[in-house]
Amino acid sequence: MQRKEITVLGLGYIGLPTAVVMARAGHHVKGYDAKREVRESLRKGKIHITESHLQEAFTEAADRRCLEIAESVENSDVYVICVPTPFCEAEKGKTADLSFVEAAAKEVAGVLKRGDLVILESTVPPHTTAGITKLLSEKSGLSEQDFYTAHCPERVLPGNILYELKHNDRIIGAADPKAAEMTKELYETFVAGGRCYICDDVTAELCKLAENTFRDINIAYANQLSMICESAGIDVFRLIGLANKHPRVSILTPGLGVGGHCLAVDPWFIVEKYGEEASLIQTAREINEKKPVWVKEKIADELGQDKGKKIGILGMTYKPNIDDMRESPSVILAEALKNDGYQVYGCEPNSHGDTIGGIRIVPLDEILDMCDYVVVALAHDEFKSEEVRRKIIERPHYDCIGLLRS
Ligand SMILES: NC(=O)c1ccc[n+]([C@@H]2O[C@H](COP(=O)([O-])OP(=O)(O)OC[C@H]3O[C@@H](n4cnc5c(N)ncnc54)[C@H](O)[C@@H]3O)[C@@H](O)[C@H]2O)c1
């Protein structure tokens with residue numbers, strides 16, 4: 001395939017590694033992020049997120065000038081939109097906030113020309129790609145037949161993004177088969193270990209949401225079992241271990257809830273559009289959202305009215321060994337305990353900040369010395385040593401993840 005001029009809009013957890021991988025595949029990539037501090041940091045050669053091997057890969061691509069950081073969206077052959085799609089609380093419940101995607105599309109429309117390809121990678125509710133195509137046409141003055149749009153949702157695992165970008169299968173959806181073919185041809189220049197499957201745009205949109213909803217529902221089952229076991233007075237981890245001895249049963253491990261920008265958000269995009277048919281999906285979301293509040297009540301029952309107690313929460317990100325705090329159940333728990341009047345501290349080895357959501361962050365040895373009660377929220381590597389586990393066990397604690405079981 002010919003070397004393409006590509007602009008990637010949004011240089012976060014998805015856009016930055018994608019830009020790097022495309023540049024390494026031989027394309028000329030211009031990365032644009034709406035945040036000036038992101039552009040400035042990248043221009044100085046320093047990536048602003050924590051992701052394995054990304055700094056070295058970025059430096060190499062930038063040094064070879066295959067990847068440049070742009071001050072605005074510039075003329076290209078291909079535009080890849082990787083901006084956030086959070087939800088917002090609307091009257092009818094949680095709905096997708098498409099304002100970032102629309103803003104990015106408007107920026108693309110300003111430079112769009114005949115024959116260009118626009119790829120939406122952000123996770124979106126069904127029919128969004130069609131809406132973005134219409135918006136691009138209206139704002140650029142081109143007809144919808146003059147350019148190409150496709151949806152290629154991302155399914156990488158944070159912490160292993162560079163590997164998975166090259167080895168995961170990709171789903172490419174477009175209303176126009178030529179747009180899907182053009183996108184497939186481009187992605188096959190860097191998806192070396194996986195395959196690219198083509199479908200229509202709505203199937204691709206719903207496919208991404210269905211994948212994350214599958215995970216959310218399965219975690220909700222484990223979390224619900226943990227609450228049932230507590231009422232039954234039995235150990236949920238022992239129960240699940242035994243149940244999984246069945247050859248066709250594989251129950252997941254319960255936790256403090258479900259966080260992150262994907263699993264905690266995407267199922268709502270299905271509920272928003274197909275609420276009547278999506279009762280299981282909605283219930284699973286509600287169970288996972290309830291779990292940190294339920295843990296807070298357990299701790300408050302144990303500690304009673306003694307609000308002078310210092311509570312330390314081990315792990316503030318939304319899952320182990322990453323630095324991403326978005327929708328983190330630990331933050332929800334910490335804030336709920338703080339609102340109840342307790343003195344709450346967090347320990348987060350993957351963050352350099354002093355506070356997270358108003359909660360003071362304290363180093364591991366300090367938090368174990370100063371706190372009267374410890375909540376084990378995540379299995380970060382730093383928490384797994386014999387010495388740390390012994391120190392936790394010595395004091396009152398609540399282990400959400402079974403880390404302290406031998
Ligand atoms: N993070 C993941 O693991 C993951 C996995 C699969 C899918 N996704 C999806 O990918 C999309 C991006 O997620 P992310 O985690 O990379 O988000 P992020 O917040 O890490 O990065 C998004 C970036 O886009 C920038 N931005 C916002 N509006 C912009 C605009 N108009 N023009 C240019 N830049 C703009 C922001 O400043 C930010 O740096 C979301 O839809 C998310 O659901 C994320």
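Visitor: Into which domains is the protein chain divided?

Guide: The chain is split into domain 1 (5-199) and domain 2 (210-399), with bounds that come from an automatic or database domain assignment. This is a predicted model, in which local features need pLDDT of at least 70 and side-chain atom pairs count only at pLDDT 80 or more, while totals for chains, interfaces and linings use all residues. Residues are numbered from 1 along each chain as its sequence is written, and side-chain values use heavy atoms, with hydrogens and water left out.

Visitor: How do you know that domain 1 and domain 2 are in contact?

Guide: Contact means heavy atoms within 4.5 Å, and 19 residues of domain 1 are in contact with 18 residues of domain 2. The C-alpha centres of the two domains, meanwhile, lie 32 Å apart.

Visitor: What area do domain 1 and domain 2 bury between them?

Guide: About 1,600 Å² is buried between domain 1 and domain 2, 55% of it on carbon and sulfur atoms; buried area is the accessible area (1.4 Å probe) that two parts lose on being put together, summed over both. On the side of domain 1, Y13, F87 and K94 supply 34% of the area buried against domain 2, more than any other three residues.

Visitor: Why is α11 called oblique to α12?

Guide: The axes of helix α11 (residues 279-303) and helix α12 (residues 329-339) come within 9 Å and cross at roughly 40 degrees. Angles under 35 degrees count as roughly parallel, over 145 as roughly antiparallel, 65 to 115 as roughly perpendicular and the rest as oblique, and therefore α11 is oblique to α12. The contact is made by P292, V295, K296 and I299 of α11 together with P329, I332, L333, A336 and L337 of α12.

Visitor: What classes of residue make up the contact of α11 with α12?

Guide: That contact has eight nonpolar, no polar and one charged residues, where Ala, Val, Leu, Ile, Met, Phe, Trp, Tyr, Cys and Pro count as nonpolar, Asp, Glu, Lys and Arg as charged, and the others, Gly among them, as polar.

Visitor: What makes α8 oblique to α9?

Guide: Helix α8 (residues 201-232) and helix α9 (residues 236-243) pack at an angle of about 120 degrees, with their axes 9 Å apart, and this angle makes α8 oblique to α9. L225, S226 and C229 of α8 make the contact with V236, L239 and I240 of α9, and by class it has five nonpolar, one polar and no charged residues.

Visitor: Why is α4 called oblique to α5?

Guide: Helix α4 (residues 99-109) and helix α5 (residues 128-140) have axes that come within 9 Å and cross at roughly 40 degrees, which means that α4 is oblique to α5. Here V101, E102, A105, K106, V108 and A109 in α4 meet I132, L135, L136, K139 and S140 in α5, and the residues of this contact divide into seven nonpolar, one polar and three charged.

Definitions and conventions:
Axes are lines fitted to C-alpha atoms, for helices over the stretch in contact, and angles run from 0 to 180 degrees between N-to-C directions. Helices (H or I, at least four residues) and strands (E, at least two) are DSSP runs, numbered from the N terminus.
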